[in-house]
Amino acid sequence: MGKLKRLFVCSDCGRPSAQWSGRCASCGEWGTVAEHPAGAARVGSRTPLGPSRGVEDLAPGSEERRLTTGIAGIDRVLGGGLVPGSVVLLAGAPGIGKSTLLLQLASLVAASGRPCLVASGEEARGQVALRARRLGLDGSSIAFVPGRDLEDVVAAAESTNPSVLIVDSLQTIRRSDVDTPPGGPGQARACVDALVGLAKQRRMAILLVGHVTKSGDLAGPRTIEHAVDVVLSFDGEPHTGLRVLTGGKNRFGPEGEVAWFHMGEDGLAEREGGPGLGDGSGEPGCATALALAGRRALAVEIQALVVGTDGPARRQVAGLDPRRFHIVAAVADQVAGLRLMRAELFGTSAGGLRVDDPGADLAMAVSLVSASVGVPPPPSTGFAGEVALTGAIRPAGGLALRISAAAAAGLGTLVCAEGEPAPPRGAAPVRLVRVKHLRQAISWRAGKP
């Protein structure tokens, strides 16, 4: 019999090595290398698989039907619903409403006659029941298992064979044969690997809850995102109740889809038409941008404040890209001659919504000029265009989506770049004002219509 080799694994990055060292050669962390138990038992049963035919042999129409969640926005972001055997990672800040959203989803799935199992490591069965009662959900048909030990979750899933398994959360579940704390990179990678294998073998859809760090990145190693099939982000402004579900990586559908929700006393309610944060009837310093959010557009009010100062000028921005805001302010100053660089500039987006679309440049410039001269932009007017350093207005793309968003917000006019293509037939009745330069877009600054 050959000599049994020893294996050492870094608990931070998971790098294996044949000998122990005080510092990991991959990630550079100290004291994270430990011996890995040889021949550790794998979680879950394994059935030997024989050879299969090529994927091209699949007959047309033989694909498995997707599982609808009962929430139209989630189905649209997923590309039509949950794919059996897929693993979906829902990432978001603590307290943003991930557990509430998935509990509502579980209730609808179970009510449709498909078994659903919830594994919670953050809440006990009674706490989940109280949440369901508070939200007015029927939790009697939802199966529950404590979600702190992976072996218990896998055993419960194998015995009940649910259509949907929800694991809340990835930071609380642990695998017994991995000697690291729950939530660490090694534990997270091992648990995700086991759950992915379970999903593929049992053909069940698994939804994983993951937290994000202070910088907004998903907690845990980046390999988790590569291992799962779909990555969804759940963001929002806690003070306004607005929540945004954004589709990132998606192996079974388009990326970038967006769904809006509002958090109320009865849970999360979808807002099909978007948050409705701009109607073009603002005061001086307010301009409505038609910004793209994934594959959809929305009308959002951009607000600016210009204050004269004798000291060093401050620049503060919330909800907007600070670099783009400063560049647009410099261009507007150069074009309109408003001496903005000698004033304190403040910019924000309505509702705390994050706007990073270059098509919002024109609305930022208009709001800065409006705040400086004290004249509001034309009423019922939206703006969409990218501002070049020369002051030229460039096409922002997605004109059809922006026109639809303008009509939904009650806007009658949309100021856009001259190079934008003609709107498609059947587009909403919104008047387009095409401009080549920022001077044309701000011709009203002297009180002109």
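Visitor: How are α7 and α8 set relative to each other, oblique or roughly perpendicular?
Guide: Keep in mind that this is a predicted model. In it, helix α7 (residues 322–336) and helix α8 (residues 361–373) pack at an angle of about 55°, with their axes 9 Å apart. Roughly perpendicular would take 65 to 115 degrees. The two helices are therefore oblique.

Visitor: And which hand does the crossing of α7 and α8 have, left or right?
Guide: Let's take the contact along with the hand. The crossing brings together R324, F325, V328, A329 and A332 of α7 with D361, M364, A365, L368 and V369 of α8. As for the hand of this α7 and α8 crossing, it's right-handed.

Visitor: What about P322, how far is its C-alpha from that of G347 in space?
Guide: P322 has its place in helix α7. It's partly exposed, with a relative accessible area of 37%. Along the sequence, P322 and G347 are 25 residues apart, but C-alpha to C-alpha the separation in space is 8.8 Å.

Visitor: Is S349 buried or exposed?
Guide: You'll find S349 in strand β16 (residues 343–349). Leaving out residues up to four places away in sequence, S349 touches V300, E301, I302, A318, G319, L320 and V355. Its relative accessibility is 3%, and buried means under 20%. So S349 counts as buried.

Visitor: Where do the buried residues of α3 lie around the helix?
Guide: In helix α3 (residues 125–134), the buried ones are V128, R131 and A132. Looking down the axis of α3, they fall within an arc of 100°, so they line one face of the helix. On the other side of α3, L130 and R133 are exposed. That puts the buried residues of α3 on one face.

Visitor: How do α2 and α3 run relative to each other, oblique or roughly perpendicular?
Guide: Their axes come within 11 Å and cross at roughly 75°. The residues of this contact divide into three nonpolar, two polar and one charged. With 65 to 115 degrees as the range that counts, α2 and α3 are therefore roughly perpendicular.

Visitor: Which peptide bond is cis, with omega near 10°?
Guide: Head for the loop between β7 (164–168) and α5 (185–202), where S169 is found. The cis peptide bond is the one from D168 to S169.

Visitor: Is R339 buried or exposed?
Guide: R339 has its place in the loop between α7 and β16. Its phi is near 55°, a positive value in a residue other than glycine. At 56% relative accessibility, R339 counts as exposed.

Visitor: What is the relative accessible area of S380?
Guide: S380 sits in the loop between α8 and β17 (381–384). It isn't a glycine, although its phi is positive, about 55°. S380 is partly exposed, and its relative accessible area is 26%.

Terms used: Residues are numbered from 1 along each chain as its sequence is written. This is a predicted model: local features need pLDDT of at least 70, side-chain atom pairs count only at pLDDT 80 or more; totals for chains, interfaces and linings use all residues. Side-chain values use heavy atoms; hydrogens and water are left out. Axes are lines fitted to C-alpha atoms, for helices over the stretch in contact, and angles run from 0 to 180 degrees between N-to-C directions. Helices (H or I, at least four residues) and strands (E, at least two) are DSSP runs, numbered from the N terminus. Angles under 35 degrees count as roughly parallel, over 145 as roughly antiparallel, 65 to 115 as roughly perpendicular and the rest as oblique. A crossing is left-handed if the near helix is turned anticlockwise from the far one by less than a right angle, and right-handed if clockwise. Contact means heavy atoms within 4.5 Å. Buried means under 20% relative accessible area, exposed over 50%, partly exposed in between (1.4 Å probe, protein chains only). The arc is that of the directions from the helix axis to the C-beta atoms. Ala, Val, Leu, Ile, Met, Phe, Trp, Tyr, Cys and Pro count as nonpolar, Asp, Glu, Lys and Arg as charged, and the others, Gly among them, as polar.
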